[in-house]
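Student: I have a chain open in the viewer and would like to talk it through. Could we start with the pairing and then move on to the core and the loops?

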Amino acid sequence: MMMLVKYSGNIGNGSWDLVQCEYVLPAELRPPVEVNGMVCVSNGQTARTLIVNPNGTIRCANMGAAGSNQGCVGSLCYPIP
């Protein structure tokens with residue numbers, strides 16, 4: 001079985017701003033290790049990453065530089081052990 005996590009939205013324009021999903025994944029859908037993937041930003045200026053942690057938290061974060069509050073979309077997929 002595979003788990004797909006999708007994100008669409010925007011976050012603050014600070015270099016290291018992030019948003020955390022209010023929903024926490026149930027134990028049976030959590031990855032055994034942290035998984036992450038790059039997120040596409042509409043203006044192409046700032047790298048962002050989508051992260052799912054073994055504790056079930058999901059977050060999307062700016063990755064330094066100038067930051068951007070432009071909308072973004074991304075997804076990642078991982079196997080459920």
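Student: Which residue in E5 is the bridge partner of Val 52?
Tutor: The bridge partner of Val 52 in E5 is Ile 58. Before going further, please keep in mind that this is a predicted model, in which local features need pLDDT of at least 70 and side-chain atom pairs count only at pLDDT 80 or more, while totals for chains, interfaces and linings use all residues. Residues are numbered from 1 along each chain as its sequence is written, and side-chain values use heavy atoms, with hydrogens and water left out.

Student: OK, and in what sense do E4 and E5 pair, over how many bridges?
Tutor: E4 and E5 pair in the antiparallel sense, over five bridges; two strands count as paired if DSSP finds at least two bridges between them. Strands here are DSSP runs of E with at least two residues, helices are runs of H or I with at least four, and both are numbered from the N terminus.

Student: What is the order of the strands in the sheet?
Tutor: The six strands form an open, antiparallel sheet in the order E1-E6-E3-E4-E5-E2. Its edge strands are E1 and E2, the latter spanning 18–20, and each of them pairs on one side only. From one strand to the next the twist averages 20°, where axes are lines fitted to C-alpha atoms (for helices, over the stretch in contact) and angles run from 0 to 180 degrees between N-to-C directions.

Student: Switching to the core, which residues touch the most other members?
Tutor: In the largest nonpolar core, which has 16 residues, they are Val 5, Leu 50, Val 52, Leu 76 and Tyr 78. Strands E1, E3, E4, E5 and E6 each supply at least two residues of this core. Such a core is a set of buried Ala, Val, Leu, Ile, Met, Phe, Trp, Tyr and Cys residues joined through side-chain atoms within 4.5 Å, and buried means under 20% relative accessible area, exposed over 50%, and partly exposed in between, with a 1.4 Å probe and protein chains only.

Student: And what is Leu 76 in contact with?
Tutor: Leaving aside neighbours within four places in sequence, the contacts of Leu 76 (heavy atoms within 4.5 Å) include Met 3, Val 5, Val 35, Leu 50 and Val 52.

Student: How many disulfides does the structure hold?
Tutor: It holds zero disulfides, a disulfide being a pair of cysteine sulfur atoms within 2.5 Å. For Cys 40 the nearest cysteine sulfur, that of Cys 72, is 8.9 Å away, whereas for Cys 60 the nearest, again that of Cys 72, is 4.3 Å away.

Student: Is Cys 60 buried or exposed?
Tutor: Cys 60 is buried, with a relative accessible area of 1%, whereas Cys 40 is exposed at 56%.

Student: Last topic, the loops: where is Gly 64 found?
Tutor: Gly 64 is found in the loop between E5 and E6 and, at 4% relative accessibility, counts as buried. Beyond its neighbours within four places in sequence, Gly 64 is in contact with Ser 15, Trp 16 and Thr 46.

Student: What about Asn 53, buried or exposed?
Tutor: Asn 53, which lies in the loop between E4 and E5, is buried, with a relative accessible area of 10%.
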